[in-house]
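The sequence and the structure are shown first.

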Amino acid sequence: SYILRCNGDKVSDELLEEFDRDSRSNVEETLGGRLPEESWIQAVLGIDAGGLGLKEAKTIALPA
């Protein structure tokens with residue numbers, strides 16, 4: 001979060017995508033298996049929308 005707040009517009013898309021892939025992989029490892037795309041979409045929804053509130057770096061880099 002700190003890096004995105006300071007330099008979100010300067011971080012390359014490739015690095016943001018790599019971070020997001022690693023984040024998803026970590027969640028899958030924690031849960032013990034692969035997540036279908038629909039489950040990942042729900043996971044990144046806000047808590048008030050029934051999700052887990054996870055944030056993808058690529059989608060918040062510029063607003064941060």
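The sections below describe the basis of the model, the salt bridges and the residues that take part in them.

## Basis of the description

The model is predicted; local features need pLDDT of at least 70, side-chain atom pairs count only at pLDDT 80 or more, and totals for chains, interfaces and linings use all residues. Residues are numbered from 1 along each chain as its sequence is written, and side-chain values use heavy atoms, with hydrogens and water left out.

## Salt bridges

Side chains of opposite charge can pair when their charged atoms come close. A salt bridge is taken here as a side-chain nitrogen of Lys or Arg within 4 Å of a carboxyl oxygen of Asp or Glu. Four salt bridges are counted by this rule.

## Lys 58 and Glu 17

One of the salt bridges joins Lys 58 to Glu 17, with 2.6 Å between the closest N and O atoms. Because Lys 58 belongs to helix H4 (residues 57-60) and Glu 17 to helix H2, the pair ties together parts that are 41 residues apart in sequence. Helices are DSSP runs (H or I, at least four residues), numbered from the N terminus.

Both partners are assigned to an accessibility class, where buried means under 20% relative accessible area, exposed over 50%, and partly exposed in between (1.4 Å probe, protein chains only). Lys 58 is partly exposed at a relative accessible area of 41%, and Glu 17 is likewise partly exposed, at 31%.

## Arg 24 and its surroundings

Arg 24 is situated in helix H2, which spans residues 13-31. With a relative accessible area of 16%, Arg 24 is buried. When neighbours within four places in sequence are left aside, Arg 24 is in contact with Leu 35, Pro 36, Glu 37 and Trp 40; contact means heavy atoms within 4.5 Å.

With Glu 37, the side chain of Arg 24 forms a salt bridge of 2.9 Å, N to O. This pair links distant parts of the chain, Arg 24 being in helix H2 and Glu 37 in helix H3 (residues 37-43), 13 residues apart. Glu 37 counts as partly exposed, at 44% relative accessibility.

Arg 34 is exposed, with a relative accessible area of 70%, whereas Glu 28 counts as buried at 10% relative accessibility. Through salt bridges that share partners, Arg 24, Glu 28, Arg 34 and Glu 37 are joined into one network.

Technical notes:
Helices (H or I, at least four residues) and strands (E, at least two) are DSSP runs, numbered from the N terminus.
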